[in-house]
Amino acid sequence: NPYIKYSGKIGERTSMSIDGDYLYFDGNYPFILTNGKYKTEEKRINSDVSSWHTEANLFHSFSDGSDLKMKGYYYQSYRGLPGAIVLYNPESDERLWDKNAFLQAQYKKDFSEKWSIQAQGKYNYSWNKYKDEGAEYADGYIIDRYTQNEYYTSVSALYTPLNGLHLSAAQDFAVNTLHSNMPECAFPVRFTSLSAIRARYEIRRFKFDASLLNTFITESVEYGEQPDNLKRLSPSASISYKPIDSESLFLRAMYKSTFRTPTFNDLYYYRMGNRNLKPEKAQEYNIGITWMKQNIGSVIDYLSFTADAYYNSVKDKIVAFPTTYIWKMQNYGKASIKGVDITGAASITPHEGYTLSLSAGYTYQRAIDITDPDAKNYKHQLPYTPKHNGNISASLETPWITLGYSIIAVGKRYYKAQNIPDNEIESYTDHTLSLSRTFNIKECKLRLQGDIVNLTDSQYDVIKYYPMPGRSWRITASSNF
């Protein structure tokens with residue numbers, strides 16, 4: 001996976017950067033297949049990846065104080081799609097080609113201390129080609145092609161009439177199109193308007209935010225039933241309170257109404273798409289606390305802690321639901337999501353030249369289906385949603401070498417709607433060990449790093465019947481000059 005980047009100034013007010021990388025991965029990793037009391041060593045096939053990407057950035061400051069940013073981006077990949085391991089059958093003949101390119105520009109100007117504007121535009125192009133071979137097709141294979149275009153523009157203004165009071169308004173427009181060689185393609189054209197107003201007020205230890213977003217979407221199709229126009233007002237509000245002036249302690253509360261419309265992929269892609277999808281609507285509530293302390297004694301550089309409790313009431317939640325052979329988009333009528341997120345971090349310098357960095361995070365999430373009280377899966381956890389997951393990482397930096405260790409832990413999940421033992425996916429932990437050292441050679445900084453990923457060689461599935469790699473190693477060398 002080679003990567004290269006160049007950046008520098010090309011004028012008194014202009015700078016640029018350009019970078020690119022290439023990735024090749026054969027994907028033929030071994031895994032242990034467990035079937036009852038029997039275990040066999042198998043090898044994953046058709047999971048190779050070949051991809052490359054490049055992008056260029058241009059930054060220019062005008063003499064009147066305004067700024068212009070431009071970016072050009074291109075990515076393409078060719079990969080195999082490994083199949084589900086069912087009944088000892090690892091075969092898969094599915095292949096996927098992807099291309100994505102976009103151009104975007106952003107202009108910002110401050111007219112005074114009270115007024116500023118920002119305008120941006122973007123054109124995005126994406127192309128996919130899918131091929132599958134098999135006797136079930138009349139020609140022995142099938143090829144799907146999809147092309148999407150997006151034209152997007154946005155204008156926003158910020159007004160600060162008083163110290164601590166900020167008012168803003170924004171208007172976005174987007175046009176999306178989809179073309180495909182599939183006979184079922186609807187050839188949709190979508191027009192999206194997003195209008196938003198926002199206010200922020202800061203006084204003493206309080207900070208208030210409020211916004212209102214209006215979404216209007218109209219969509220036309222050449223074939224099939226015409227989708228309804230979509231209209232939605234989505235308010236949000238938040239408050240932050242700092243109870244002690246001398247402490248970086250903040251108490252937070254937030255309410256937000258969200259409205260997520262299905263994408264063209266969700267609606268119109270053959271096999272996985274579902275034209276009957278409804279927009280996802282949610283009411284989100286959050287309370288939290290943030291605390292940070294720096295320079296505690298002579299050893300502790302900083303400590304930080306965050307805790308959030310949230311409740312989301314979701315209607316028509318859009319879910320990519322994997323079956324044995326394909327993924328399918330669908331709505332969950334009503335879902336109740338309650339959770340807690342906790343994070344902590346610390347930096348300790350026990351001796352000059354030695355720094356120990358620690359971080360940890362834990363999430364508890366109870367996401368249940370409450371659509372139908374008479375259903376067998378009523379109040380069962382949503383598929384592929386663990387109740388418990390967390391991470392721990394530690395890094396010790398010394399004058400000679402940096403040692404890192406991290407653990408990711410994910411609790412049990414269910415791959416179907418009913419939470420019964422037959423549908424359970426076992427929990428897993430993934431350990432990574434790393435060693436690195438940086439060498440200064442004249443004007444060049446050379447960094448070498450080695451990683452052992454999945455140190456304990458844990459055999460696990462993220463998606464049922466799709467085994468993940470066991471233990472592997474990686475060596476990285478980077479040079480900056």
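A salt bridge is taken here as a side-chain nitrogen of Lys or Arg within 4 Å of a carboxyl oxygen of Asp or Glu. The model shown in these views is predicted, and by this rule it has 16 salt bridges.

**View 1. Salt bridge between Lys-71 and Glu-55.** The side chains of Lys-71 and Glu-55 meet with an N to O distance of 2.7 Å, a salt bridge. Lys-71 belongs to strand E6 (residues 67-80) and Glu-55 to strand E5 (residues 49-61), so the pair ties together parts that are 16 residues apart in sequence. Glu-55 counts as buried because its relative accessibility is 16%, and the limit for buried is under 20%.

**View 2. Salt bridge between Asp-209 and Arg-198.** A salt bridge of 3.0 Å, N to O, joins the side chains of Asp-209 and Arg-198. Distant parts of the chain are linked by this pair, with Asp-209 in strand E12 (residues 206-220) and Arg-198 in strand E11 (residues 189-203), 11 residues apart. Asp-209 has a relative accessible area of 10% and is therefore buried, whereas Arg-198, at 42%, is partly exposed. Arg-198 and Asp-209 also belong to one network with Arg-200, joined by salt bridges that share partners.

**View 3. Salt bridge between Arg-260 and Glu-280.** The side chains of Arg-260 and Glu-280 form a salt bridge of 3.5 Å, N to O. Arg-260 lies in strand E14 (residues 248-260) and Glu-280 in strand E15 (residues 280-296); the pair links distant parts of the chain, 20 residues apart. With 37% relative accessibility, Arg-260 is classed as partly exposed, while Glu-280 is buried, its relative accessible area being 12%.

**View 4. Surroundings of Asn-377.** Asn-377 is found in the loop between strand E18 (354-369) and E19. Its relative accessibility is 16%, so Asn-377 counts as buried. When neighbours within four places in sequence are left aside, Asn-377 is in contact with Asp-369, Ala-417 and Gln-418.

View 5. The patch is formed by Leu-396, Trp-400, Ile-401, Leu-403 and Leu-435, which together have about 440 Å² of accessible area on the surface. Leu-396 is placed in strand E19 (residues 388-397). The relative accessible area of Leu-396 is 32%, which makes this residue partly exposed. Patch residues must have over 30% relative accessible area, and Leu-396 at 32% therefore passes this cut-off.

Methods: Residues numbered from 1 in each chain as written. Predicted model: local features only at pLDDT ≥ 70, side-chain atom pairs only at ≥ 80, totals over all residues. Heavy atoms only, no water. Patch = residues over 30% accessible without salt bridge, like charges linked within 9 Å, V, L, I, M, F, W, Y side chains within 5 Å. Areas by Shrake-Rupley, 256 points an atom, 1.4 Å probe, with all protein chains shown as cover. Helix = DSSP H or I, 4+ residues; strand = E, 2+ residues; numbered from the N terminus. Buried < 20%, exposed > 50% of the residue type's maximum accessible area, 1.4 Å probe, protein only. Contact = heavy atoms within 4.5 Å.
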